[in-house]
Amino acid sequence: MDELPQLRVVSQPIDSPAELLQFTDARHPLVMVRRGEGLVGRGVAVRAEFSSNGQVSQARQWFAKLTAAASVDDSVRLPGSGLVAFGSFNFDDRDAAPSHVVVPETIVGLRDGRAFITQISTADAPAHTIAAPAQPLGSDPRCDLVAPTGERERHHAAVADAIARIRRGQLQKVVVARRATGRIRPDADLRHLLYRLEKNYGDTWIYAVSGMIGASPEMLVRVLDGEVAARVLAGTTPRGSDAGSDAAAREALRVSAKNRAEHRFAVESALASLGRLDSHDDPAGGLTASPEPFLLQLPNVWHLASDLRGRMPAGASPLDLVEALHPTAAVGGTPTAAAMNAIRELEGCDRGRYAGPTGWVSAAGDGEWVVALRGAQFADDGEVVAFAGGGIMAASQPDDEWLETEVKLAPVRTALETER
């Protein structure tokens, strides 16, 4: 591992800002917020990229070494204060592009109504001053996201192939995703997109790390003061067009044998993954889920959802939990290894960081990591690539699965679409 800089970290209270997004960068925002609270970052104190197998484990070791050498003055002592790194990892370690971890120069946070700022620099750099908001909003990123030529036919064939594999007993479930692409001005201000996602999908986690931006409804894992929480989503149906059809859609999802089986696979996978980390010597450890899923209402869909809760396993890092949980059955499949191999064969392209873990980790042992859904990857040259997928079961229908991906693309597509 290369020699790392010695960082000087200072966190102190500030007056609560009107909103956090104004403090992040226009072209390279760093964001993890929900309902107006969370963390935003600006600038780069140190950056790392990780490739090949074990990317999350590599990042955990890198951050532990960085933490050991850092000087931290934290008078705030809230989750997210002190030394923090933002990260965004590939769905599949075999993907060609690297995963990213960034320690910002400046972080502004808001937690339970208490605001703070963290300034991070190398030990020999001059001290930062209190950060002002970033520059005024620039040009608005607008484009139409469209399926590449032949994408619908390719997706239909992939879903049909997945169904055949399941009926042959090779899998119980596999998630098949597809693409939509577009292009924005390279100098566009991505905060416009974040503001619209926050306005329209305020109950989700708005995330942005190294060009991976979206509004995720799924918390992969959160660790705050030793308490662990995760949210599993599996089983989806579009919202109805009026109150009657919406109630009917909700009830149909609640009783759907196909969707309930898909959801059960996802919950059991998450519990088993975290159970392998749990210390037998720690009676407070362990994760539990309610016996029945609840119906999660979002502006465009209903989801079957389950919340998992427990205590942090003794001696574990939030990144250990991220590595144990990913990929969940909700975005990969069951059994995991067979599903991952099927995805590589069926989809025909790398997912990149779509459906991978995205979030932050602190030196104090806290962290929040979502599954990077309902978003897109934004390249510096203006290329935009969005993915959406659905869980395939033996009873799935290819046309229904395409419709589900259209619904799941709606958050980022609507936030980007050109004004009519």
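**Salt bridges, a hairpin and confidence**

Author: R35 is exposed, with a relative accessible area of 59%; here buried means under 20% relative accessible area, exposed over 50%, and partly exposed in between, with a 1.4 Å probe and protein chains only. This is a predicted model, in which local features need pLDDT of at least 70, side-chain atom pairs count only at pLDDT 80 or more, and totals for chains, interfaces and linings use all residues. Residues are numbered from 1 along each chain as its sequence is written, and side-chain values use heavy atoms, with hydrogens and water left out.

Reader: With which residue does R35 form a salt bridge?

Author: Side chains of opposite charge can pair when their charged atoms come close. A salt bridge is a side-chain nitrogen of Lys or Arg within 4 Å of a carboxyl oxygen of Asp or Glu. The partner of R35 is D203, and their closest N and O atoms are 3.0 Å apart. R35 lies in the loop between β2 (30–34) and β3 (37–42), and D203 in the loop between α3 (191–200) and β11 (205–209), so the pair ties together parts that are 168 residues apart in sequence. Helices (H or I, at least four residues) and strands (E, at least two) are DSSP runs, numbered from the N terminus. D203 is partly exposed, at 43% relative accessibility.

Reader: How many salt bridges does the structure hold?

Author: The count is 26. Another of them joins R178 to E406, with the closest N and O atoms 2.2 Å apart. This pair links distant parts of the chain, since R178 is in strand β10 (residues 173–183) and E406 in helix α8 (residues 398–416), 228 residues apart. R178 is buried, at 1% relative accessible area, whereas E406 is partly exposed at 29%. E406 also forms a salt bridge with R413, at 3.4 Å between the closest N and O atoms.

Reader: In which sense do β16 and β17 pair?

Author: Two strands pair if DSSP finds at least two bridges between them. Strand β16 (residues 294–297) and strand β17 (residues 301–311) pair in the antiparallel sense, over four bridges. The two form a hairpin with three residues between them. Within this pairing, L296 has H303 in β17 as its bridge partner.

Reader: What is the mean pLDDT of the protein chain?

Author: pLDDT is the predictor's confidence in each residue, from 0 to 100. The chain has a mean of 90, and 94% of its residues reach 70 or more. Over residues 279–285, however, the pLDDT is below 50. Beyond near neighbours in sequence, that stretch has six contacts in the model, a contact being heavy atoms within 4.5 Å.
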